[in-house]
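Good morning, and thank you for coming.

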Amino acid sequence: MIYSVVAFFLALALLTWSADRLVDGTVAAAAHSGMSPRLVGLLVGGFGAAAPELAVGVVAALAESPSLAVGTAWGANMVLLSLIVGSAALAGPLVVRSGLVTRELMVLAVAIGLTALLALDRELSRWDGLGLLVAFSLLLGWTVRQIRRSPHDPLPNEAAQGAQALAMPAWRAWAWIALGVIVLAASARLLVWAAADMAHWLGAGEWLVGLTAMAAGTALPELVACVALIRRGMSDLVLGHVVGASLFNLLAVVGLAVLLTPVGIEYAALHRDLPAMAGLTLALIVLAWRPGRRAARVQPWAGALLLAAYVAYLGWVLGGYGFSAGG
């Protein structure tokens, strides 16, 4: 099992590095194409934050491990909504001035409801995957319209600053894209193999490994980026990236994975993990709600509560499983 653990952490490091290179190259290439910096920064930068989850989801589905793919995507959302936002708020406070952020949070709540509806029969089929991908395409169109209709919203304006900071020659952008895709695919394949082998040795099941270790590994690089954004005063972009990545995970990553390989949904996933994700989303909606106010604040105490919620959830998940080395 020692080889699997070493491979797991090596693959995580390569996955993070290649995803960063891929996103940087894609942002720069999109800017060279004449695309608006506000659209480039928010769409490519925001949804691109979930590139590791997408790579893992596709590779796991092709390897006929769809539980690993869906568990990683759902677990990453839990990490983003609690651990990442909570840690950023402790470094903050997290000031939310963007109306687009709060609207996207509402859309995330609807997306979780759609997922729960599709999973009621304890399976996500290819038709369900197609439905999730259609919903994601509608989300893209809605997001573009919202950005164009909100010229003074701080979220796309902060995203534009980030996109302009990544300016580079076109040849370098395409070189980063090519290298990023190659290393991302190889590291995702290594990560899926290592996770499946660890699940076998621990007797834990692929769903648990995806929901915990894989989810934390693929989402935690966002923590460093979000803390850096807080220090630069771009707190709207922190929540924008978190919500954008969560929507991408829920609709695009899961949709593509189950379109490739349908997956059965465990009882615990339907009655524990989905409600936990919905609860964290509702908590953020309450914290970021701004009726009659120019800005909402996610205070450090609220960040501490989100962190405590994730620790409690993790204890709930791990407490429900027994482990036996060697399966």
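How many helices and strands are there in the protein? There are 13 helices and four strands, where helices (H or I, at least four residues) and strands (E, at least two) are DSSP runs numbered from the N terminus. Please note that this is a predicted model, in which local features need pLDDT of at least 70 and side-chain atom pairs count only at pLDDT 80 or more, while totals for chains, interfaces and linings use all residues. Residues are numbered from 1 along each chain as its sequence is written, and side-chain values use heavy atoms, with hydrogens and water left out.

Let me turn to burial. Of the 327 residues, 55% are buried; buried means under 20% relative accessible area, exposed over 50%, and partly exposed in between (1.4 Å probe, protein chains only). Among contacts (heavy atoms within 4.5 Å) between residues at least 6 apart in sequence, 89% join residues at least 24 apart.

Which residues have the most contacts inside the largest nonpolar core? They are W74, L94 and L124, in a core of 72 residues. Helix α11 (residues 235-260) supplies its largest share, 14 residues. A nonpolar core here is a set of buried Ala, Val, Leu, Ile, Met, Phe, Trp, Tyr and Cys residues joined through side-chain atoms within 4.5 Å. Apart from this core lies another, of 31 residues, among them A28, A55, L68 and V192.

Beyond its neighbours within four places in sequence, W74 touches residues including T115, L124, W207, L250 and D273. D273 also meets R272, side chain to side chain, in a salt bridge (2.6 Å, N to O). A salt bridge is defined as a side-chain nitrogen of Lys or Arg within 4 Å of a carboxyl oxygen of Asp or Glu. The structure holds one such bridge, and both D273 and R272 are buried.

T115 belongs to α5, where the buried residues include T115, L108 and L118.

Finally, the surface. W127, L130, V134, L138 and L259 form a nonpolar patch with about 530 Å² of accessible area together. Such patches join nonpolar side chains (Val, Leu, Ile, Met, Phe, Trp, Tyr) within 5 Å, from residues with over 30% relative accessible area and no salt bridge; areas come from the Shrake-Rupley method with a 1.4 Å probe, and for residues only the protein chains shown count as cover. Helix α6 (residues 126-149) gives the most to this patch, with four residues. W127 lies in α6 and is exposed, with a relative accessible area of 71%.

Note on methods. Patches are made of residues with over 30% relative accessible area and no salt bridge: like charges are joined within 9 Å, nonpolar side chains (Val, Leu, Ile, Met, Phe, Trp, Tyr) within 5 Å.
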